[in-house]
Each structure stands twice: as C-alpha cells, then as structure tokens.
Amino acid sequence: MKPSPMAGKVHDMELDRFDRAILVALQADATVSNTALAETVHLSASQISRRRAALESAQVILGYTARLNAGKLGFGLRAITRVNLRSHGQGGDADFARFVAGRPEICAAFSVSGDADYVLDIRVRDPDAYAAFIHDHLLPHPQVGQVRSELVLKTLKDRGGVTL
C-alpha cells in the first residue's frame with residue numbers, strides 16, 4: 001500500500017496507521033463507538049479513546065456532524081455564487097466576513113484566487129428565496145461590487161472530508 005500524503009507528522013503529532021484508520025472510520029460514520037472502532041482498528045477501546053482525544057486536542061478532528069439531505073428538508077436550490085468586493089482592506093474584508101457568518105443561507109464560503117474574491121455555497125428553498133437573498137441582502141452590502149451565480153442542476157459528488 002502506498003503511504004498517504006497525511007502520513008507522518010501533523011504539527012507536533014505523529015500519525016501512524018492506527019490514527020489514520022481511526023480517521024477513515026470516523027469520516028465514514030462519526031457515530032461509531034470506541035468499542036466498534038477498537039474492533040475495526042485492532043486496538044483496545046481505551047487506546048481508541050486516548051487516540052481519539054489526542055486527535056481532537058490536536059484539532060485534526062474538528063468536530064462531528066450529521067450530513068442532511070437539503071432537498072428533502074425543503075432546500076431545493078443550491079447556488080455557487082462568486083462575489084467581487086468593491087475594494088480591499090482589512091476593515092472591508094472583515095465586514096464582509098461578518099456578513100457571511102451571519103447569513104444562514106450561506107453554507108460555505110471561500111476566499112479564492114482567480115476572477116472572484118469569494119465563492120459562496122448557498123442553499124435556499126426555491127428561486128424566489130434565492131432572488132430575495134441576492135437582491136435584499138447580498139447586493140445591498142456596501143462591500144459587494146459584483147455577483148455572479150451558477151445554479152446547481154445536479155450533484156455528481158459531494159462527500160466532504162479528505163482522502164487518507
């Protein structure tokens with residue numbers, strides 16, 4: 001088996017094959033118990049607990065979540081929205097970051113290189129809700145200069161996580 005690019009140190013923490021196996025199992029099912037992990041990884045439950053706590057403490061594991069089906073919950077429209085700011089500076093960028101953090105429609109936001117300053121992943125109920133978000137909230141923001149959107153027609157892959 002080829003070594004993973006994650007093999008070796010993560011800051012001051014040495015990841016071995018057991019740590020990587022724990023991480024792979026938790027990415028697949030974050031609800032797995034330490035006892036079940038112990039059987040999968042071939043360590044004792046107490047060793048799993050200690051290693052898991054160390055991975056959390058080192059912030060290799062940032063938290064645990066449930067993946068929800070947005071469409072079944074009534075959020076049928078997903079848009080990838082590129083935003084250019086009018087000007088750049090610490091104050092303006094910080095103001096836009098606060099705006100993004102406070103908007104529940106924005107599921108993910110990225111500062112990017114290329115022809116946009118930011119890329120937003122937006123989930124709303126329908127086209128009317130998206131238009132209201134754009135016209136009532138995003139475009140009126142004083143830092144926003146330009147907005148370009150692509151509506152997601154079909155999701156081919158959306159697994160999150162990393163390959164270990």
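The face of H4 turned away from its buried side carries Gln90, Gly91, Arg98, Ala101 and Gly102, all exposed (over 50% relative accessible area; buried is under 20%, partly exposed in between, with a 1.4 Å probe and protein chains only). This is a predicted model, where local features need pLDDT of at least 70 and side-chain atom pairs count only at pLDDT 80 or more, while totals for chains, interfaces and linings use all residues. Residues are numbered from 1 along each chain as its sequence is written, and side-chain values use heavy atoms, with hydrogens and water left out.

**Helix H4**
- H4 covers residues 90-102 and reaches 18 Å from first C-alpha to last, close to the 18 Å expected (1.5 Å times one less than its number of residues).
- Helices are DSSP runs of H or I with at least four residues, strands are E runs of at least two, and both are numbered from the N terminus.
- Gly92, Phe96, Phe99 and Val100 are the buried residues of H4.
- Down the axis, the buried residues of H4 fall within an arc of 100°, so they line one face (the arc uses directions from the helix axis to the C-beta atoms).
- Their packing partners are S3, S4, S5, H5 and S6 (contact means heavy atoms within 4.5 Å).

**Cores**
- In the largest nonpolar core, of 17 residues, Val83, Phe96 and Leu138 touch the most other members (buried Ala, Val, Leu, Ile, Met, Phe, Trp, Tyr and Cys joined through side-chain atoms within 4.5 Å).
- S3, H4, S5 and H5 each supply at least two residues of this core.

**Confidence**
- The chain averages a pLDDT of 91 (the predictor's per-residue confidence, from 0 to 100).
- Residues 1-8 sit below 50.
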